[in-house]
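Trainee: I'm new to this one. Could you walk me through how to read it, feature by feature?

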Amino acid sequence: MAAAGQDNNFRDGKNEINGDFSGNGANNAGSIQDVSLLDEENDMEPLASPGQSPNKGDDKSRSRSRKPFHYPANRRQSEELDSHSTLATYNRYRYYSRLAPPDDHRMRIPDHIVPASLFYPAMFVDRSQKQGSLITIFSIWNTMMGTSLLSMPWALGKAGFVLGLVIMVVMAGLTLYTCYRVIKSVEGVDQEGEVLEFSDVCRHYLGRWGEGCSVFFSLSALMGAMIVYWVLMTNFLYNVVSFAYENIHASGNETSASTEVLCPLNSSHTPQTGNLSGMFQVPTPDDTFHHVWERVKTVPFFLIILVFPLLNFKSPTFFTKFNALGTMSVVYLLVFVSVKAAQWGIHLDFSHTGKDVDVTEISSYFPALTGTLALAYFIHNCVLSITRNVQNPKNTGRDLSIAYVCVMVTYVVVGAVFYASFPKDKSCIEDNLLNNFSNTDTLAFVARVFLLFQMWTVFPLLFYIFRLQFMHTLFGTTYPSLVHVVVLNLLLVGVCVIFARFLPHIGTIIRFSGAFCGLAYIFTLPCLVYLVRLKQTGRLTWPIAAVHGFIILLGLANFVGQFFFLNKT
């Protein structure tokens, strides 16, 4: 949790109190050591200044406003905190804030800080609130593993097999460097008792416009992820329900498992539904089910019934318990791709002799891969939350590098192995690799069911983080009212439904979202903050400025390049 990240700021309550209140050092130290005896009712009582009468109503609102957004409102709920350390840390915040004047907010816990626990699978949460290197590496890897994994073979094919592998390595190194710059950027900022996010750092070095850009592009990345999730959940829900219907209503024919590989480019599409004829039968005029249950026209709206009620909860604690499903889904996809590759064998023909499937080594459509990787390697907006509570900050750079290597290897394995073993023309590979398999394929069906449930539990967390940053920026609080939250959720769901209805192509969405958000959050802001910091300390040189200026130009070129082959995806 964010509050736990400030443990180091309170090394010894007794010594700090003695420094400011030498006459009452013993009593104050005793209060700090007895923080567990402070109860919520007594916390509402004000500490009146000399000659000033206490105002209980004002102090109640002030006390509530100082609590972090994720802190329970009463003692019974406080038992659900991650650990006693979190409770003690909060009580220290509360104690010092009561000693400070009412207008002094230096000890206030910022509401907009996202709890680090959201990024940790429950089984790996360190109850002491200090995580070791292994947990840090795993959390970064687990957070970056997302929907881009399903599009990696398609994106690799767009760039060409050889060039694509080179780009995957280069992009990993480039994003690793700028992510490291984000982590190091907080060192030159006076925290004044607050937990910092990168938006706070941008405000410190670049002004209000820097903070605004940081928040806007962070929200844009979340919006892109939510749209991709909605498109994929629509796809998976459609396939799962259709498979069940076909099995139940099979007219005297036993449904047998099939490992047929589909090539959607060579399959006929029904213009009304967008359903592949290779997957399911084409609807007939009297086929009520297939007219009601259409992947593009109706299923995105049916999905609202399953998802929208989960988006209005004030706390996401319940959904964090399912974080481990993300890890399980990645492991299953690795097994799935490995099994299929073992069944198919390797199908690569670099000589173009026609003996096997032709392979393109280098392609001019490589921006599809760079845009996809910009989102695949994107963790810059939450890396400070993940690394805030590390046991040894000196190892953060090493842990981050190991995590990025693990991420790169995972993407290379899924992308290269699936691409190399795919038995049909490589242009048949879909931006969602599961679309290349019939719904009667047992392994593919299990993957769709598993991913549907996993995304159904993660989707509310994406909405929660978006709401957290958006509401705090606009209204100064993370939960203005239920009406505000419902209206925001309706707008966001509406955007997701529009994309699922009119642009249900996750490859296009991922590459544009990654290139757009990466332009600012990966390539520009970390470099600008670093250059301004060096200039303020008198260490800026022309070679350093040239290198970082070139990185910014690469981000701009990546975004512009997405528009040169709109009709190729």
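Trainee: Which residue forms a salt bridge with K340?

Mentor: A salt bridge here means a side-chain nitrogen of Lys or Arg within 4 Å of a carboxyl oxygen of Asp or Glu. K340 pairs with D441, and their closest N and O atoms are 2.7 Å apart. K340 sits in helix α15 and D441 in the loop between α18 and α19 (442–475), so the bridge ties together parts 101 residues apart in sequence. Helices are DSSP runs of H or I with at least four residues, numbered from the N terminus. Keep in mind that this is a predicted model: local features need pLDDT of at least 70, side-chain atom pairs count only at pLDDT 80 or more, and totals for chains, interfaces and linings use all residues. Residues are numbered from 1 along each chain as its sequence is written, and side-chain values use heavy atoms, with hydrogens and water left out.

Trainee: Is K340 buried or exposed?

Mentor: Buried means under 20% relative accessible area, exposed over 50%, and partly exposed in between (1.4 Å probe, protein chains only). K340 is buried at 2%, and D441 is buried at 2% as well.

Trainee: How many salt bridges does a search of the whole structure find?

Mentor: Eight. One of them joins R208 and E211, 2.9 Å from N to O. These two are three residues apart in helix α11, so about one helical turn separates them. R208 is exposed at 62% relative accessibility, whereas E211 is buried at 14%. Both belong to a network of salt bridges that also links D200 and R203.

Trainee: What about nonpolar residues?

Mentor: In soluble globular proteins, nonpolar side chains tend to be buried together. A nonpolar core is a set of buried Ala, Val, Leu, Ile, Met, Phe, Trp, Tyr and Cys residues joined through side-chain atoms within 4.5 Å. The largest one here has 127 residues, and W230, Y377 and F459 touch the most other members. Helix α11 (residues 208–248) gives the most to this core, with 18 residues.

Trainee: Which residues does F459 touch?

Mentor: Contact means heavy atoms within 4.5 Å. Leaving out residues up to four places away in sequence, F459 touches M226, Y229, W230, M233, V307, L311 and C496.

Trainee: And where is S421?

Mentor: S421 lies in helix α18 (residues 396–421) and is buried, with a relative accessible area of 1%. A polar atom of its side chain lies 2.7 Å from the backbone oxygen of V417.

Definitions and conventions. Polar contact = N/O pair within 3.5 Å; in protein donor to acceptor, adjacent residues only side chain to side chain.
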